[in-house]
Amino acid sequence: MSRKVAVIGMGNVGAAVAHYIVACGFVDDLVLIDKNEAKVKADALDFYDAMPNLKNHTNIFVNDYSQLEDADVVVSALGNIKLQDNKDDDRFAELPFTRVQVREVAQKIKESGFHGKMVVITNPVDVITSIYQEVTGLPKNHVIGTGTLLDSARMKRAVAQRLHLDPRSVTGYNLGEHGNSQFTAWSTVRVLDQPITELAKERGLDLDSLDHEARVGGFTVFRGKKYTNYGVATAAVRLVNTILSDAHTELPVSNYREEYGTYLSYPAVVGRDGILEQVQLDLTDEELEKLQTSANYIKQKYAESQEAAKEGK
């Protein structure tokens with residue numbers, strides 16, 4: 001069976017997603033969609049020019065929503081990163097733009113007859129994932145945001161650097177909103193086969209400073225080049241491949257949690273049918289409080305975007 005993925009929004013992030021997919025030959029058919037016709041056609045030609053030097057061939061389709069009907073996964077990478085500049089490191093800076101664009105795109109996705117899984121990168125990702133689910137009418141477990149898959153990776157990188165380890169040797173999660181209210185759930189983090197809370201005492205680790213490093217990592221990258229792309233694109237493609245290969249992998253992604261009444265990042269088992277099972281963590285009271293605060297913030301922003309949509313803004 002052929003694998004087919006679409007990437008909507010070919011900015012810095014969408015292009016990095018598409019390049020990773022083409023370079024590694026993860027799919028047979030790749031659909032690229034962007035309002036900037038010249039840019040998306042140029043990307044397609046550039047990928048075709050890369051193919052003689054690649055191991056795999058990928059068929060590429062440009063700006064054709066009808067191709068989504070039999071797509072396995074649609075990746076939303078649209079956005080306007082310039083709105084992020086000088087906005088005090090707030091991922092909600094893009095919301096007035098993305099909530100309008102996403103409603104238009106979601107309607108086109110729905111009209112195409114698409115019935116696969118959605119992977120949402122567009123910020124603010126938890127609110128935008130909610131909007132995609134609402135407009136497309138796809139089952140909640142089929143619409144997934146990259147969420148704190150990236151923040152958890154940043155935490156692992158920060159911890160690993162401090163301990164001179166490979167970041168893949170660190171396990172654990174950042175939870176909640178992919179934004180300023182997310183946090184590292186230190187009770188879930190293990191290194192060298194012991195809880196990091198124990199290791200921190202032994203080795204004098206400042207967990208608050210590591211949490212801060214994970215949280216601001218994206219803004220450090222942003223200030224250096226005015227966008228972030230490789231980290232989040234890699235997280236998104238990992239999520240796409242987990243769906244395509246029915247891997248049943250536990251990942252901290254933005255999924256709809258009934259008990260919080262919203263999309264937020266919390267580990268779930270992901271496979272071909274999207275969210276297969278939701279994990280139940282044994283969090284501390286302090287972590288539960290932080291998660292509730294994060295959930296409330298996401299819900300408030302989603303409600304505001306709903307009001308704006310009603311008023312035609």
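Reader: Why does Ile 60 count as buried?

Author: The model is predicted, and the values here are computed from it. Ile 60 has a relative accessibility of 10%. Buried means under 20%, so Ile 60 counts as buried.

Reader: Where is Ile 60 found, and which residues does Ile 60 touch?

Author: Ile 60 is found in strand S3, which covers residues 59-62. Not counting residues up to four places away in sequence, Ile 60 touches Leu 30, Leu 32, Ala 44, Phe 47, Tyr 48 and Met 51. A contact requires heavy atoms within 4.5 Å.

Reader: What makes Thr 98 buried or exposed?

Author: Its relative accessibility is 0%. The limit for buried is under 20%, so Thr 98 counts as buried. Thr 98 lies in helix H3, residues 95-111. Leaving aside neighbours within four places in sequence, Thr 98 is in contact with Leu 78, Gly 79, Thr 122, Asn 123, Pro 124 and Ile 128.

Reader: What joins Asn 123 and Pro 124?

Author: A cis peptide bond joins Asn 123 and Pro 124, with omega at about -10°. Pro 124 lies in the loop between strand S5 (117-120) and helix H4 (125-136).

Reader: How do you know whether His 164 is buried or exposed?

Author: Its relative accessibility is 73%. Exposed means over 50%, so His 164 counts as exposed. His 164 is found in the loop between H5 and S7. Its phi is near 55°, a positive value in a residue other than glycine.

Reader: Leu 192 also has a phi to report; what is the value, and where does Leu 192 lie?

Author: Phi of Leu 192 is near 50°, a positive value in a residue other than glycine. Leu 192 lies in the loop between strand S8 (183-191) and strand S9 (194-195).

Reader: Why does Leu 192 count as partly exposed?

Author: Leu 192 has 42% relative accessibility. Buried needs under 20% and exposed needs over 50%. The value of 42% falls in between, so Leu 192 counts as partly exposed.

Reader: What makes Ala 153 partly exposed?

Author: The relative accessible area of Ala 153 is 37%. Ala 153 has its place in helix H5. The C-alpha atoms of Ala 153 and Ala 214 are separated by 8.2 Å, although the two are 61 residues apart along the chain.

Reader: Which residues lie nearest the centre of the second largest pocket?

Author: Leu 149, Ser 152, Ala 153, Lys 156 and Arg 238 lie nearest its centre, out of 20 lining residues. The volume of the second largest pocket is about 490 Å³. H5 gives the largest share of this lining, six residues. At least two residues each come from H5, strand S7 (170-175), helix H8 (230-244) and strand S10 (249-257). The lining of the second largest pocket divides into nine nonpolar, six polar and five charged residues.

Reader: What is the volume of the largest pocket, and which residues are closest to its centre?

Author: The largest pocket has a volume of about 950 Å³. It is lined by 40 residues, and Ala 77, Leu 78, Gly 79, Asn 80 and Ile 81 are the closest to its centre. Helix H1 (12-24), H3, helix H5 (149-163) and helix H7 (207-225) are the elements that give two or more residues to this lining. H3 supplies the largest share, five residues. By kind, the lining of the largest pocket has 16 nonpolar, 15 polar and nine charged residues.

Reader: How do you know that the radius of gyration of the protein chain agrees with that of a compact globule?

Author: A compact globule of 313 residues would have a radius of gyration near 20 Å. The protein chain has 19 Å, so the value agrees with the rule. Along its principal axes, the C-alpha trace spans about 55 × 50 × 40 Å.

Reader: What share of the residues is buried, and how many helices and strands are there?

Author: Buried residues make up 52% of the 313 residues. The protein chain has nine helices and twelve strands. Of the contacts with a separation of 6 or more, 68% are between residues 24 or more positions apart.

Note on methods:
Residues are numbered from 1 along each chain as its sequence is written. This is a predicted model: local features need pLDDT of at least 70, side-chain atom pairs count only at pLDDT 80 or more; totals for chains, interfaces and linings use all residues. Side-chain values use heavy atoms; hydrogens and water are left out. Helices (H or I, at least four residues) and strands (E, at least two) are DSSP runs, numbered from the N terminus. Buried means under 20% relative accessible area, exposed over 50%, partly exposed in between (1.4 Å probe, protein chains only). On a 1 Å grid over the protein atoms alone, a cavity is a set of points where a 1.4 Å probe fits but cannot get out, and a pocket is an open set with protein on both sides within 12 Å along at least five of seven lines; lining residues have an atom within 4 Å of a point. Grid points are joined across faces, edges and corners, and a volume is the space filled by probe spheres set on the points. Ala, Val, Leu, Ile, Met, Phe, Trp, Tyr, Cys and Pro count as nonpolar, Asp, Glu, Lys and Arg as charged, and the others, Gly among them, as polar. The radius of gyration is taken over C-alpha atoms; the globule rule is 2.2 Å times the number of residues to the power 0.38.
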